[in-house]
Amino acid sequence: MSEQPEALATLRADLRAWLAAHRPADWRDAATHEQFVASQRNWFTQLVEAGYAIPHWPAQWPGGGRSLAEQKVIYEELARADAPRLLLSFVSTYHAFATLHECGNEAQKARYLPAILQGETWCQGFSEPGAGSDLAAVRCKAERKGDVYVINGQKVWSTMAQYADRCLLLARTSAEGAKQAGMTYFLMDMKAPGVTVRPIHQIQGDEEFAEIFLDNVEIPLSERIGEEGDGWAVAQTTLSSERGLTLMELGYRMRGALSRIADLVRETACQNDAGVLRDLGALTGQVDAVCALADQFLENRMNGVERVGDASIVKNAYSRALRAWSALGVRLRGVEAQYIAPITYGDLNSGNWMADFMNSYAWTIAGGSEEVQRNIIAERMLGMPREPKSWVTA
């Protein structure tokens with residue numbers, strides 16, 4: 001499809017009309033995680049059939065082959081319509097797809113890519129209790145025995161792993177040489193003997209993440225991605241699979257959710273409170289800045305300009321604005337905000353103020369902690385001296 005303004009306007013109008021007819025109005029009413037997962041699967045199926053689920057996939061797939069400008073229009077309209085975010089299928093359609101598309105063999109692509117569109121769900125098995133931001137510290141062990149690898153270890157913070165069919169697994173096959181050189185990448189069946197999944201109950205009441213325990217799990221040689229020892233390079237493909245569009249969508253959703261703050265100002269009779277109005281104005285500017293930064297980042301990418309650190313700036317700006325948004329809501333609602341209330345699954349700006357506030361802190365950690373992002377900006381954008389490897393606190 002052309003990137004001419006007329007074509008983009010047509011795409012926007014078509015999608016807006018489709019969303020008006022198909023957007024589920026009751027998606028926030030899911031009372032359990034199981035109901036949320038069922039609604040996610042149904043929504044993903046509808047988007048696949050309509051051609052809006054995988055615009056970043058190649059053109060031979062339904063709705064694929066769209067330009068970055070077209071993808072931006074789709075995400076803008078999904079946010080504007082307050083449609084459900086595709087959380088359950090995110091790892092499948094971005095991380096698993098990119099890994100298979102760039103690094104998988106033909107048999108792996110033929111087996112797994114069509115299955116993703118039919119609803120097969122993937123999770124990611126990278127982080128470990130001692131290997132979060134430092135991915136090279138992975139200790140989960142993979143030992144080759146003939147035509148299989150035997151895996152032992154633990155993974156943590158795997159998003160919705162309790163509902164996943166398969167896992168993108170990074171494991172250590174060698175302790176020799178550089179840490180990055182001893183890792184290998186696997187596709188693991190989550191129903192294989194020896195796989196145990198335990199959901200992590202979070203502070204705000206959700207169970208978005210899970211631990212994965214691996215006890216002599218056998219993975220066939222055919223399920224290895226790349227050669228033994230190539231895991232670090234393959235993992236970089238996985239981690240770079242989505243840049244910019246998600247944060248742009250989240251920024252636009254938060255801009256729409258400013259209306260919840262405005263409603264709360266009226267409900268609490270603070271329309272004439274100079275302090276509240278000042279803070280609401282500052283928050284509005286902060287959210288607008290996030291949207292502007294994300295738009296600029298995507299505009300640069302459309303023009304072939306990509307700088308290391310740009311995504312870190314957007315990510316940190318968003319996580320800070322999310323915290324400010326929820327903090328103002330908690331402050332305005334007062335003691336009432338601290339009562340236990342049902343979780344609204346799949347939404348970061350739900351208006352369940354205390355849950356939103358606690359959840360906002362996770363965003364300064366997830367996807368690379370705020371400190372890691374600042375190091376990237378300082379060292380790789382601003383050219384400041386790198387942190388000495390031997391540096392320790394007193």
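Predicted model: local features only at pLDDT ≥ 70, side-chain atom pairs only at ≥ 80, totals over all residues.
View 1. An α-helix has 3.6 residues a turn, so residues three or four places apart point the same way. Helix H1 covers residues 5-22, 18 residues in total, and reaches 25 Å from its first C-alpha to its last, close to the 26 Å expected at 1.5 Å a residue.

View 2. The buried residues of H2 are His 33, Phe 36, Val 37, Gln 40, Trp 43, Phe 44, Leu 47 and Val 48. They fall within an arc of 135° when seen down the axis of H2, so they too line one face of their helix, while Glu 34 and Glu 49 are exposed on the other side. Among the elements that cover the buried residues of H2 are H1, H3, helix H4 (90-103) and helix H5 (106-117). The end C-alpha atoms of H2 are 26 Å apart, which agrees with the span of 26 Å that its 18 residues should have at 1.5 Å a residue. Gly 51 follows H2 and has a positive phi, near 85°.

**View 3. Lys 72, a buried lysine in helix H3.** Lys 72 is in helix H3, and its relative accessible area of 14% means that this lysine is buried. Not counting residues up to four places away in sequence, Lys 72 touches Leu 245, Met 248, Tyr 252, Asp 295, Leu 298 and Met 302. The C-alpha atoms of Lys 72 and Pro 55 are separated by 9.8 Å, the two residues being 17 residues apart along the chain.

**View 4. The hairpin of strands S2 and S3.** Strand S2 (residues 141-145) pairs with strand S3 (residues 148-159) in the antiparallel sense, over five bridges. Lys 141 has Asn 152 in S3 as its bridge partner. Two residues stand between the strands of this hairpin, in which Gly 146 takes a positive phi near 70°. Trp 157, also placed in strand S3, has a positive phi of about 60° although it is not a glycine. With a relative accessible area of 51%, Trp 157 is exposed.

**View 5. The largest nonpolar core, around Ile 212.** This core has 62 residues, and those with the most contacts inside it are Ile 151, Met 188, Met 190, Ile 212 and Leu 214. Setting aside residues up to four places away in sequence, Ile 212 touches Cys 123, Gly 153, Gln 154, Lys 155, Ser 158, Ala 161, Cys 167, Met 188, Met 190, Val 195 and Thr 196. Apart from this core lies another, of 38 residues, among them Leu 250, Ile 261, Cys 270 and Val 276.

View 6. With a disulfide taken as a pair of cysteine sulfur atoms within 2.5 Å, the count comes to zero disulfides. Cys 167 is in no disulfide, and the nearest cysteine sulfur to its own, that of Cys 123, is 3.8 Å away. Cys 167 counts as buried at 0% relative accessibility, and Cys 270 likewise counts as buried, at 14%.

View 7. Ala 269 lies in the loop between helix H7 (245-267) and helix H8 (274-302), where its phi is near 55°, a positive value in a residue other than glycine. Ala 269 is exposed, with a relative accessible area of 63%. Glu 223, by contrast, is buried at a relative accessible area of 7%, and its place is in the loop between strand S7 (209-220) and strand S8 (224-225). Not counting residues up to four places away in sequence, Glu 223 touches Gln 108, Arg 111, Tyr 112, Arg 166, Tyr 185, Phe 186 and Leu 187.

Notes
Residues numbered from 1 in each chain as written. Heavy atoms only, no water. Core = buried A, V, L, I, M, F, W, Y, C linked by side-chain atoms within 4.5 Å. Buried < 20%, exposed > 50% of the residue type's maximum accessible area, 1.4 Å probe, protein only. Contact = heavy atoms within 4.5 Å. Helix = DSSP H or I, 4+ residues; strand = E, 2+ residues; numbered from the N terminus. Expected span 1.5 Å × (residues − 1). Arc of directions from axis to C-beta. Pairing = 2+ DSSP bridges.
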